[in-house]
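Thanks for asking me to look through this model with you.

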Amino acid sequence: MGSRAAAALLRRGRDQASTLMMIPRLLTRSAPAPAVPRVGSGSCGGGCLLPSRLGSTGAFSSAARFASFHAFRSLAPKTLLGQCTRKMSTSAAALNSTVANGTANSGLKLLITKGPQAQKAVGIWLFGCAAWVFSLVILGGITRLTRSGLSMTDWKFTGEIPPMSEEAWLLEFEKYKQSPEYKRVNKGMSLEDFKFIYWMEYAHRMWGRALGFVFAVPFAYFVAKGYVTRQLGLRLSALFALGGGQGLVGWWMVKSGLEEPTSEYVQPRVSPYRLATHLTSAFVIYCGILWTALSVVMPNPPTGSMNWVNGAAKIRKLAIPVSAVVGITAISGAFVAGNDAGHAYNSFPKMGDTWIPEDVFSMEPFIRNFFENTSTVQLNHRILATTTLLSVGGLWLAARKIDMHPAVKSLIGSTLGMAALQVTLGISTLLMYVPTSLGSAHQAGALTLLSLMILLTHTLRRPSPSLLKSLATAVKSS
């Protein structure tokens, strides 16, 4: 009798399990399950930034787990173990149902259509374009530090073929000899030296034109395939227009350096205002592409729990002004470069023998001192750099006392480390009279720090209303 009863119970459990296992197949045939972000940290651990998705596979595994619970309960007596099992399965079902219902009513607007493969392809393309802009900014910094930016005395929107013969090189060299830079700075330069600075400027220009091709062709392809929503299409079109205008701004900047200086004691150099405009435009394009790429691959920020969401909201109020300080400090560096202020007061922490030079407000009108006075421009950059380090340090201290996602805390710690490294690079560049290697590393550090702040601000943004609702309901149900 005992063996027959056990066999009957086993058959009953298998039948019920098989019935429940058929549910996801029926659901899959009738309608695909919506992709939803997980409530927990997901399979990628506490440091995962990208929200996980549940599809039909998730529904299948969930139903399978419930089937196992039900079959096990059929075999077990109605003891404390059986009651606990029923409570666990009921809670899990309620939690999954809550998340599914919350996501079914989702108001989240994705920037990409056609599913995860399209999302991945567009994300890779945008991150690649952001990396291209990053390298272009660094190449521009090297071009400036090697004083190569004024070697090409004309500009064509479509570009031009470089000199291919000795006669062509001599013709380009003769054009450069008519420029103020050659007459006052590089008089007597050899043809080989001229070729070096010419190739530097030529590489910078052609690298920028190549970016236009790398951006435009995949963009047209994704639009034709229907991957891009109207919102994303308009945003990317604006970024492409800014990129096209960047070439014009670059020539506008170079042209200012080809004019005769107002005084015979002044070295020819580009206008600091135009240099700052060129660099700021590059930063805007880079930040726009990076933010858009993050929005494509991470439609919702990492959440995990309502406590983490509330903690992120508190830090967001501090991170936004800190990001503004980082950006302003980076732009002030453009005025340091435009005025060659890094070659003055090569000491730290004092500026020469004093803390504040006497001629910081010697220009009229007063506002010119902050953009054209070498002493004031360098002092201003020192103050802003110190403020940036202290601000990021304060953000890190505040984050230690707040309960939030571990990945966000790790990101803030990385940002603090990058800020400290950037200040160290700046001081080293100043003390060593701005060598090309350290100067370009300092510029790369500024863009890296800005990138981390963009990533942090994007990660701290407010989740979609549907995700907040599902999290709140899940907490009540559990």
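1. Val434 sits in the loop between H14 and helix H15 (436–459). Its phi is positive, about 55°, although Val434 is not a glycine. That is worth a second look, because most residues other than glycine have a negative phi. Helices here (H or I, at least four residues) and strands (E, at least two) are DSSP runs, numbered from the N terminus.

2. A word on where the values come from. This is a predicted model, in which local features need pLDDT of at least 70 and side-chain atom pairs count only at pLDDT 80 or more, while totals for chains, interfaces and linings use all residues. Residues are numbered from 1 along each chain as its sequence is written, and side-chain values use heavy atoms, with hydrogens and water left out.

3. Now the whole protein. Its secondary structure comes to 16 helices and zero strands. Of the 478 residues, 43% are buried, where buried means under 20% relative accessible area, exposed means over 50%, and partly exposed lies in between (1.4 Å probe, protein chains only). Among contacts with a separation of 6 or more, 78% join residues 24 or more positions apart; a contact means heavy atoms within 4.5 Å.

4. How many of the 24 residues of H15 are buried? The count is 19, so H15 is largely enclosed by the rest of the structure. From its first C-alpha to its last, H15 reaches 34 Å, close to the 34 Å expected at 1.5 Å a residue. The expected span of a helix is 1.5 Å times one less than its number of residues.

5. Gln422 counts as buried because its relative accessibility is 10%. Leaving aside residues up to four places away in sequence, Gln422 touches His442, Gly445 and Ala446. The side chain of Gln422 reaches the backbone oxygen of His442 at 2.9 Å. This is a polar contact, that is, a pair of N or O atoms within 3.5 Å; within protein, one must be able to donate a hydrogen and the other to accept it, and residues adjacent in sequence count only if both atoms are side-chain atoms. Gln422 and Gln443 are 21 residues apart along the chain, and their C-alpha atoms are separated by 8.9 Å.

6. Two packed helices are described by the angle between their axes and the distance between the axes. Helix H10 (residues 272–297) and helix H11 (residues 306–338) pack at about 145°, with their axes 8 Å apart. Axes are lines fitted to C-alpha atoms, for helices over the stretch in contact, and angles run from 0 to 180 degrees between N-to-C directions. The residues making this contact include Leu275, Leu279 and Phe283 of H10 and Ile331, Ala334 and Phe335 of H11. By class, the contact has 11 nonpolar, two polar and no charged residues. Here Ala, Val, Leu, Ile, Met, Phe, Trp, Tyr, Cys and Pro count as nonpolar, Asp, Glu, Lys and Arg as charged, and the others, Gly among them, as polar.

7. Not counting residues up to four places away in sequence, Gly338 touches Arg269, Val270, Pro272 and Leu275. Gly338 and Arg274 are 64 residues apart in sequence, yet 8.6 Å apart in space, C-alpha to C-alpha.

8. The loop between H11 and helix H12 (369–372) deserves a slow read; Pro349 is found there, and Pro365 lies in this loop too. A cis peptide bond joins Phe348 and Pro349, with omega about 5°. The bond from Glu364 to Pro365 is also cis, and its omega is near -5°. Tyr345 is in this loop as well, with a positive phi near 50° in a residue other than glycine. Tyr345 counts as partly exposed because its relative accessibility is 25%.

9. Helix H9 (residues 230–257) has 28 residues and reaches 42 Å, close to the 40 Å expected. Its buried residues include Leu232, Gln246 and Trp251, and what covers the buried residues of H9 includes helix H5 (116–145), helix H8 (191–225) and H10. At the start of H13, a side-chain oxygen of Asn373 reaches to within 3.0 Å of the backbone nitrogen of Ser375.
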